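Here are my notes for you, written as numbered points. Keep the structure open while you read.

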Amino acid sequence: MENNNYAVKTIDIKRTFKKSSNLINALKGISLTVNRGEFFGVLGRNGAGKTTFLKILSTLLYPTSGQAWVGGWDVQKDGQNIREIINLVSGGEESGYGILNVRENLWMFSQFYGIPSSIALKRIDKYLEMFGLKDQAKTRVSALSTGMRQKMNLIRGLLNNPEILFLDEPTVGLDVESARHIRSFLKDWIKENDRTIILTTHYMLEADELSERLAIIEGGEIIALGTPSEFKGLSQTENFYELTVNNFPESLDINIEGVQLISKLPQNGNTILKIRLKEDSLLSELLASLNQHGTKLELLKKKEPTLEDAFVNLVGKSSIDVSGA
Ligand SMILES: Nc1ncnc2c1ncn2[C@@H]1O[C@H](COP(=O)(O)OP(=O)(O)OP(=O)(O)O)[C@@H](O)[C@H]1O
Ligand SMILES: [Mg+2]
């Protein structure tokens, strides 16, 4: 076992896909180490390569080139060893058999994982209770709501008591309370037995709350790596404002040096502009210019930098498109 000190270590992982005559470079050389016990977040726009990366680490896909170890095992040679110590849960996944009920379905997976039946059923019932699915234990999988199915999938991912858990957008589509419940569960769960979680998400607040460190992947490459506070610090020299304005011309280009329009979002007949200023003194110039175009200021807020601001700064565009365009 090489590199056993890390939960995950990758060296220059590349992955290409063939689509008709085109070659897609989904990963262009990812080198990363994730420590044991770490809660690690992966951010990036749609198509950035996040899922491809998790699939390689979970041995569902081979890299085209490069090397990766999970729990010290080589993804290209030791797939079986890796599968025993990991699990992968994807937000929108459809795994499971619709005709089985929730408890039967989870039990079936526990048998795939080779868990003795009595231990498995105890675990299943414990988690059904914890995730508020007890009343659905006998409901057919095909009759579950999206959120219930997702919770069931998360339980599936916990059944083999993995050392390293890969979560691909685990809270997508969940109601606020369920998402919050899952986040708080994960924060407790990771503390037991030095477990490791690598999570992808498009929810910046979730990434901020959970991740000890974060990587941003863009176009198949890591473009930034650090703690959430380091990310937020990246933008602390500048000033962010949120302006609610009325009568903002759709085609208006704000052309003032040192003023950057990050996003515009229509709301109740107004437009919310997120603005980055190199210095505060540019604000009066901006307001004068808006005024010239007949745009009226309704509300002005100074915003502390958020992870979302940092993300937008680095990637140039939000992963959740708030531009309204
Ligand atoms: N099986 C496949 N065949 C062809 N192309 C693929 C395949 N899987 C992924 N890709 C391509 O690889 C790139 C990365 O996709 P990936 O699913 O890893 O992105 P992602 O970061 O997970 O995006 P999202 O946020 O939308 O889930 C995309 O261009 C995608 O079209
Ligand atoms: Mg994905």
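1. One term before we start: a residue counts as near a molecule if one of its heavy atoms lies within 4 Å of it. Also keep in mind that this is a predicted model.

2. So what sits around ligand 1? There are 13 residues surrounding ligand 1, and the closest are Gly 47, Gly 49, Lys 50, Thr 51 and Thr 52. By type, the shell splits into four nonpolar, six polar and three charged residues.

3. Now zoom in on the oxygen atoms of ligand 1. A backbone N or O atom of Gly 47 is 2.7 Å from one such oxygen atom. Thr 51 has an N or O atom in its side chain that lies 2.7 Å from an oxygen atom of ligand 1. For Glu 169, a polar side-chain atom is 3.5 Å from an oxygen atom of the ligand. On its own, ligand 1 exposes 640 Å², and the protein buries 66% of that.

4. Strand E2 (22–35) and helix H1 (50–57) are the elements that give two or more residues to this shell. H1 has the largest share, three residues.

5. Next, look at the largest nonpolar core, which has 33 residues; Leu 106, Leu 128, Phe 131, Ile 155, Leu 167 and Ile 197 touch the most other members. Elements giving it two or more residues include helix H3 (102–112), helix H4 (117–130) and strand E7 (164–168). Helix H6 gives the most, with five residues.

6. Another core, of 27 residues, lies apart from that one, and Leu 27, Leu 54, Ile 56 and Ile 217 are among its members.

Definitions and conventions:
Residues numbered from 1 in each chain as written. Chains lettered and ligands numbered in written order. Predicted model: local features only at pLDDT ≥ 70, side-chain atom pairs only at ≥ 80, totals over all residues. Heavy atoms only, no water. Core = buried A, V, L, I, M, F, W, Y, C linked by side-chain atoms within 4.5 Å. Buried < 20%, exposed > 50% of the residue type's maximum accessible area, 1.4 Å probe, protein only. Helix = DSSP H or I, 4+ residues; strand = E, 2+ residues; numbered from the N terminus. Polar contact = N/O pair within 3.5 Å; in protein donor to acceptor, adjacent residues only side chain to side chain. Areas by Shrake-Rupley, 256 points an atom, 1.4 Å probe, with all protein chains shown as cover. Nonpolar A, V, L, I, M, F, W, Y, C, P; charged D, E, K, R; others polar.
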